[in-house]
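Please read it alongside the sequence and the model.

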Amino acid sequence: MLRLYTHESCLRHDPGPGHAESPLRLKAVLQALDADRFAAVDRVEAPRATREQLLRVHDAAHVDRVLGSAPLEGRVQLDPDTWMSPGSDEAGLRAAGATCAAVDAVLAGQTPRAFCAVRPPGHHATPSEAMGFCLFNSIAVAAAHALTVHGLKRIAIADFDVHHGNGTQDIFASEPRVLFVSSHQSPLYPETGFAHERGVGNILNAPLPAGAGSMEFRETWHNELLPRMHAFKPQLVLVSAGFDAHRDDPLADLRLGTEDYAWITQQLVELARAHAGGRLVSSLEGGYDLRALAASAAAHVEALLD
């Protein structure tokens, strides 16, 4: 069984013509998940995140700025890459709210796994800044929710987006109850995620050079990242599921294929089964070639179903 969280508001966030983080991304994912093989997926409307949930990882000034910046018409620029349109505030709330609701559901035993098909993405958002297309750090909000409301002691976050999740790392760099592991292209935006960045021993970054493909990706996860996650014995596995390391993605230069996303998802499901009672929550991050994104997200969800 798998639960899917999404909301139509996430389609209304529109950074503008030609922007890579287009509403068409989520449309492509949702259309792919309409296939017959996903008929068993339990589809749920994502709630809004509460202010309390957001303030566990973001400064009040940041929350106020984002929620107060959505224009009635036109667009407002928050940083060189990050824009808000009418409805962007609601999309951000629904994206973060989806991950919290998914955590509640898996920890209540309503479903073993959940996928949040939401946008904008979140893993670049720091405690005080919107950046890299991201408004609120949804996966970090979910982790903090699990720590505070559910009292978990060990949460692992796996991030396989091609860009380093600098915001997630910043938020939890001093929090030993959260393990953050990431594979990503380096050098590349946001120019963070080097191997020497260790937090309090709870951060493990595995930079990959431009041109790296399936072999390098799988070896990195098999030899470095997954063993560290198994040793941590997480009570909950969270996933920042970015699909922009695909060979067809226009924003980076890794060479993964759809089958690699199925493989890493299977590995993370096995990890969750071994240590967390199968409990896993995944949230959509990057992926900017629509065909590759749709196929990769479908492979990810199919592996979560299995």
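S283 sits in strand β10, which spans residues 280-284. The model is predicted. S283 has a relative accessibility of 2%, so the residue counts as buried. Setting aside residues up to four places away in sequence, S283 touches T99, F115, C116, V118, I139, V239, S240 and A241. S22 lies 261 residues from S283 along the chain, and the two C-alpha atoms are 17 Å apart.

E21 is a loop residue. Its place is between β1 (2-6) and α1 (23-32). The relative accessibility of E21 is 0%, below the 20% limit, and E21 therefore counts as buried. Beyond its neighbours within four places in sequence, E21 is in contact with H13, P15, R119, P120, P121, F133 and Y288.

Next come the aromatic rings. How many aromatic pairs does a search of the whole structure find? It finds five. Two of them are described here, and both involve Y261.

The rings of F160 and Y261 have centres 5.8 Å apart, and their planes meet at 45°, so this pair is tilted. F160 belongs to the loop between β6 (155-159) and α6 (166-172), while Y261 belongs to helix α8 (residues 258-275); the pair therefore ties together parts 101 residues apart in sequence. Both F160 and Y261 are buried.

F243 and Y261 form an edge-to-face pair, with 5.0 Å from centre to centre and 80° between the planes. F243 lies in the loop between β9 (236-241) and α8, and Y261 in α8 itself, so this pair ties together parts 18 residues apart in sequence. F243 is buried, as is Y261. Ring pairs link F160, F243 and Y261 into a cluster.

Y261 also takes part in helix packing, as one of the α8 residues in contact with α9. Two helix pairs are set out below.

| Helix pair | Axis separation | Angle | Handedness |
|---|---|---|---|
| α8 and α9 (residues 290-305) | within 8 Å | roughly 25° | right-handed |
| α4 (residues 88-107) and α5 (residues 138-150) | 8 Å | about 40° | right-handed |

Take α8 and α9. Their axes cross at roughly 25°, under the 35 degrees cut-off, so the two helices count as roughly parallel to each other. On the α8 side, the contact is made by T258, Y261, A262, T265, Q266 and V269. On the α9 side, A295, S296, A299, H300, A303 and L304 take part. What is the make-up of this contact, in nonpolar, polar and charged residues? The contact of α8 with α9 has seven nonpolar residues, five polar and no charged.

Now α4 and α5. These helices pack at an angle of about 40°, and they are therefore oblique to each other. From α4, the contact uses A95, A96, T99, C100, V103, D104 and L107. From α5, it uses S138, V141, A142, H145, A146 and H150. Eight of the contact residues are nonpolar, four are polar and one is charged.

Notes: Residues numbered from 1 in each chain as written. Predicted model: local features only at pLDDT ≥ 70, side-chain atom pairs only at ≥ 80, totals over all residues. Heavy atoms only, no water. Phe/Tyr/Trp six-rings, centres within 6.5 Å; stacked < 30°, edge-to-face > 60°. Helix = DSSP H or I, 4+ residues; strand = E, 2+ residues; numbered from the N terminus. Buried < 20%, exposed > 50% of the residue type's maximum accessible area, 1.4 Å probe, protein only. Axes fitted to C-alpha atoms, helices over the stretch in contact; angles between N-to-C directions. Parallel < 35°, antiparallel > 145°, perpendicular 65-115°, else oblique. Left-handed = near helix turned anticlockwise from the far one by under 90°. Contact = heavy atoms within 4.5 Å. Nonpolar A, V, L, I, M, F, W, Y, C, P; charged D, E, K, R; others polar.
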